[in-house]
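User: I have a structure open and would like to go through its local geometry with you. Could we take it topic by topic?

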Amino acid sequence: MRRKAALLLPFLLCMALAACAAHPAMQPQTQTLQQSTALPTVRSSAASRATQGRSATVTVPPTETRTEMPIKTTLFATKPQISSTATQPLPPETTKTAPRAYAVVSQSVCPIYREPDSASMLDTQALLNQRLQILGRSGAFYRVRVPDGYTGYAPISALGEAAPDAQAGEILLTVKKTVAPLTDENGTVLLQAPMGAQFHAKQPQQGYFTVQLPGGKSARLARADVQTGTLRFQGGENIVESAKLFLGTPYLWGGVSAKGIDCSGLTYLCYRMNGLTLPRDSRPQFQEGQEVALAEAQPGDLLFFAAEKGGMQVTHTGIFMGKEQFIHSSISGKGVAVSNLSDFGYREKLVSVRRYITP
């Protein structure tokens, strides 16, 4: 009997286990266990990727009903860009002004720089009482547009409030000397007005005009130092005579006055004093007017030169005087001087002769 019982015991145990496995009460417990172990596996995977810092996107399985967005992590974090404009240099134009805002030059000449820095390139100059359009401001400089076409930076200290427009009965005055003193009633010189500076005034009294300076102060300007009315062309010889007044004036890149003048500044100013407005620089001047042969050149025509013999790129200009002579402002010479085409190979460097008024 003991032997038979030993043989039947394993069989009975197997039957009991099978019956337990098939019992319905055991099924929910098993499914719950599977769900409770599967979800932590997904979360653990996301946490692991976030810790490693790899770029990855982990999406919650459909069986989990959550409203959170998928988790995204990046290997390298990007630092936020912090604005440092307070410590950086001001941009060329830091503020803009209302359209058509103007100021006038309140000193003899006003430098117009390429950048808002007095150590930068001098591009041109504006003359006393000349009206400049204000385009913006950068520190101690206004960004301005000059009547000669340049846009640059003028020191605010050299500018004043624009004067009222000419009143009925006032005369246009243009300084025709290289320098003309502006004096008070006691004869004390207040300012020196350069050639080309313009004012408006009533009829002269006792040989002088009373003009208004920038800022509102009145000054006297001698009748003999100005030309009245509209400037008009009266022949090339007059252009030459205007240029002769500058003989001995030092060369100054960007200059347009007796304090210093460059080659195109001389031609620009002398033509302007005779009623003709040319571009400010030599290459644009070269592109205007009518070309004439050297043998047909007349006083007042402009000569254009290259830097080298046989060159075609214009780098210099002068005013033809006749008999192969011309007057110019030379950086390599003595400023404004008279030269001959036979000097320094000028004839071989000549690119063109231009005329701006046809007789």
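User: How exposed is Glu 324?
Analyst: Glu 324 counts as partly exposed, at 31% relative accessibility. On this scale buried means under 20% relative accessible area, exposed over 50%, and partly exposed in between, with a 1.4 Å probe and protein chains only. The model is a predicted one, in which local features need pLDDT of at least 70 and side-chain atom pairs count only at pLDDT 80 or more, while totals for chains, interfaces and linings use all residues. Residues are numbered from 1 along each chain as its sequence is written, and side-chain values use heavy atoms, with hydrogens and water left out.

User: Where is Glu 324 found, and what is its phi?
Analyst: Glu 324 is in the loop between β21 and β22; helices (H or I, at least four residues) and strands (E, at least two) are DSSP runs, numbered from the N terminus. Its phi is positive, about 65 degrees, although Glu 324 is not a glycine. Most residues other than glycine have a negative phi.

User: Which residue other than glycine has a positive phi near 50 degrees?
Analyst: That is Phe 344, placed in the loop between β23 and α6 (346-349). Phe 344 is exposed, with a relative accessible area of 68%. Phe 344 also belongs to one aromatic cluster with Phe 305, Phe 326 and Tyr 346.

User: How many aromatic pairs does the structure hold?
Analyst: Seven. Rings of Phe, Tyr and Trp (its six-membered ring) pair if their centres lie within 6.5 Å; planes under 30 degrees apart count as stacked, over 60 as edge-to-face and the rest as tilted. One of the pairs is Tyr 113 with Phe 141, which is edge-to-face, at 6.2 Å centre to centre and 80 degrees between the planes. This pair links distant parts of the chain, 28 residues apart: Tyr 113 is in strand β4 (residues 109-113) and Phe 141 in strand β7 (residues 141-145).

User: Which charges sit over rings?
Analyst: Arg 131 lies over the face of Tyr 102, 5.5 Å from the ring centre. The charged end of Arg 354 sits over the ring of Phe 286, at 5.6 Å from its centre. The criterion is NZ of Lys or CZ of Arg within 6 Å of the ring centre and within 35 degrees of the ring normal.

User: Back to β21 and β22. How do they pair?
Analyst: Strand β21 (residues 314-322) and strand β22 (residues 325-330) pair in the antiparallel sense over three bridges; two strands pair if DSSP finds at least two bridges between them. Ile 319 has Ile 327 in β22 as its bridge partner.

User: What packs on the sheet there?
Analyst: Helix α3 (residues 236-244) packs on the sheet and touches β21, β22 and β23, with its direction at about 110 degrees to that of β21. α4 packs on the sheet as well, touching β20 (302-306), β21, β22 and β23, and its direction makes about 45 degrees with that of β21. Axes are lines fitted to C-alpha atoms, for helices over the stretch in contact (heavy atoms within 4.5 Å). Angles run from 0 to 180 degrees between N-to-C directions.

User: And what is the strand order of the six-stranded open sheet?
Analyst: The order is β19-β24-β20-β21-β22-β23, with antiparallel pairing. β19 (290-292) and β23 (335-340) are the edge strands, each pairing on one side only. On average, neighbouring strands of this sheet are turned by 35 degrees against each other, direction ignored.

User: How many residues of α4 are buried?
Analyst: 10 of the 10 residues of α4 (residues 263-272) are buried. Among them are Cys 263, Tyr 268 and Cys 270. Cys 270 has a relative accessible area of 0%.

User: How many disulfides are found?
Analyst: Zero, in a search of the whole structure for pairs of cysteine sulfur atoms within 2.5 Å. Cys 110 is buried, with a relative accessible area of 0%.

User: Last topic: where is Thr 249 found, and what is it in contact with?
Analyst: Thr 249 is in the loop between α3 and β17 (256-257), and it is buried, with a relative accessible area of 7%. Leaving aside neighbours within four places in sequence, its contacts include Ser 257, Ile 261, Lys 334 and Val 336.
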